Amino acid sequence: DILRVTVGLGDRAYDVLVGAGALSAAGPELVAHFPRGRAILVTDRHVADLHLDAVTAQLSRLGLRVEPVIIAPGETSKSWAGLEQVVDALLDRNIERSEAVIALGGGVIGDLTGFAAAVTKRGVNFIQIPTTLLAQVDSSVGGKTGINTTHGKNFAGSFHQPKLVIADRDLLATLPDRERRAGYAEIVKAALIGDAPLFAQLEAAGAGVLDGADLDQAVAAAVAFKARIVAEDERETGVRALLNLGHTFGHAFEADAPKDVIRHGEAVAVGTALAFAYSAHRGDCSADHAARVAAHLRAVGLPASPAELAHSDWNAASLVSRMRDDKKNRDGRITLILARAIGAAFIDPAADEADLLAFMETQL
Ligand code: NAD
Ligand code: ZN
C-alpha cells in the first residue's frame, strides 16, 4: 500500500512514495536514474551502521551497484568542509550528468547532498531517501538545499529539486521516540496552516498516529500540503512563508537554550501553540482552536508551552529580540505566521512588538 504524492513543478515534477516497503516497491522509476548501473549514495556513519546493508541489498535486487560515501553524523557536517568532501567524492567517482546521487539520511544528509548535487558539474540529479520523520515530511520535499556558515544556518545553498523521494516507513523503525515526535510536530504544523480535515484526523488518531498506516496517511497528507505550497511558490516569495508557522517563536527558544538540549521539533511545537495562543490573544482566532492545538500536541507527548521544554531559564525580552533577528524579517519588523482558525494561517509582516513582548511575559 504505497501512497504517491506528486510535487507539480511542470517538467521538473517529481513523485514522493510513502509507506512501509516504498524502497523495494520503487523499482523501474528508481533504476531509470542510474544509466551506468551504479548508484553513488551519501549517508552518515550512524545511518550507515543501521541501514546501509539492507538498503544496499534492496538496491542490488533492482540491479544497482551501490558506491557509498559515508560522512560524520550531525549538523557540523552541513559545512563548507562537508560540501567539499561530498563534491570531491562525487568527482573522484567520475559522476556523469546523466546519473543521480542518492541522499540516505536525515535533513542534514539531504540538505548537504542536495547542495553538492546542485553544484557538482553545474548540477547532477539527486534522489532523497529520508530516514528521519522530519526529513520525510519536510526537508526532503521542496528543493531547499544548503549548508551553514559562520554567518548563520542555511546561509549558503540553492534551490535544487530531487527527481524522486522515497519515504519508507521501515527506515524509521530505528528512530528514537523523541526524534519521531519532533518530526511529527512538522506534520501538525502543515495541518494547522491549511488542512483542517487533516488536523481532525490527527486529533482522532491521538498518540496512535505516530506509527503504522495512520502515520503513512499523515506523512502523505503533510507532503501533499507542502507540495501544493511549493508548486505555488517554489522560491519563497509569498505563500511559502506560511510553512514557518511556529518557527519564529520556535527559533527564539532554540537560540536561547543551551546547545542540543531541545529538539527543533519541540521548539516548533511550543512555537505553534504560542502562535495560536497569540492569535487568540489578538482576537484573530478562537480560544477553543488554540486549546485544541495545545491538547493534541500534549496527547502525542510534545510540549505545548515554554515550561514543558527541557530548559526553563527563559526571558521574554531576549526571546523577542531573537524573533526580531529572524532572517525572514524585513525592515526590522517581526514577521509572524498567525491563524484565524485551525487550517487557516496568515502572514503578519509587521507584528506589534510591545504587545508581543507583553504576551510573551504571560507565557513564561
Ligand atoms: P539529522 O539529519 O541530523 O538526523 C538526526 C540524527 O538522527 C542524526 O544523528 C542521524 O544520524 C540520526 N538518524 C537518521 N536516521 C535515523 C534512523 N532511521 N534511525 C536512527 N537514527 C537516525 O537531523 P534531521 O532532524 O533529520 O534534520 C535536521 C536538518 O534538516 C537541519 O539541518 C535543518 O536545517 C534541515 N531542514 C531542512 C529543510 C529543507 O527544506 N531543506 C526543512 C527542515 C529542516
Ligand atoms: Zn522546522
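This is a predicted model: local features need pLDDT of at least 70, side-chain atom pairs count only at pLDDT 80 or more; totals for chains, interfaces and linings use all residues.

Student: How many helices and strands are in the protein, and what is its radius of gyration?

Tutor: The protein has 14 helices and 11 strands. The globule rule gives 21 Å for 364 residues, and the protein's own value is close to that, so it is as compact as a globular protein of that length. The radius of gyration is 20 Å.

Student: Of the contacts between residues at least 6 apart in sequence, what percentage join residues at least 24 apart?

Tutor: For context, 47% of the 364 residues count as buried. Among contacts between residues at least 6 apart in sequence, the share that joins residues at least 24 apart is 73%.

Student: What distance separates the centres of domain 1 and domain 2?

Tutor: The domain assignment places domain 1 at 3–174 and domain 2 at 177–363. Taken over C-alpha atoms, their centres are separated by 27 Å.

Student: Which element gives the largest share of the side of domain 1 that touches domain 2?

Tutor: Domain 1 and domain 2 each bring 22 residues to the contact. The largest share, five residues, belongs to α6.

Student: By class, how many residues on that side of domain 1 are nonpolar?

Tutor: The side of domain 1 that touches domain 2 has two charged and seven polar residues. Its nonpolar residues number 13.

Student: Which elements give two or more residues to the shell around ligand 1?

Tutor: Ligand 1 is surrounded by 28 residues, the closest being His46, Gly106, Gly107, Thr132 and Ser139. By class, this shell holds 10 nonpolar, 11 polar and seven charged residues. The elements that give two or more are α3 (45–61), α5 (107–119) and α6 (133–139).

Student: Is His33 buried, exposed or partly exposed?

Tutor: His33 lies in the loop between α2 (28–31) and β3 (38–44). A residue is buried with 20 or more other C-beta atoms within 10 Å and exposed with 12 or fewer. His33 has 18, so the class is partly exposed.

Student: How far apart in space are His33 and Lys163, C-alpha to C-alpha?

Tutor: Not counting residues up to four places away in sequence, His33 touches Ala100, Asn125, Ile127, Lys163 and Leu164. His33 and Lys163 are 130 residues apart in sequence, and their C-alpha separation is 8.4 Å.

Definitions and conventions. Residues are numbered from 1 along each chain as its sequence is written. Chains are lettered from A and ligands numbered from 1 in the order in which they are written. Helices (H or I, at least four residues) and strands (E, at least two) are DSSP runs, numbered from the N terminus. The radius of gyration is taken over C-alpha atoms; the globule rule is 2.2 Å times the number of residues to the power 0.38. Two residues are in contact if their C-beta atoms, placed from the backbone, lie within 7 Å. A residue is near a molecule or strand if its C-beta atom, placed from the backbone, lies within 6 Å of it. Ala, Val, Leu, Ile, Met, Phe, Trp, Tyr, Cys and Pro count as nonpolar, Asp, Glu, Lys and Arg as charged, and the others, Gly among them, as polar. Domain bounds come from an automatic or database domain assignment.
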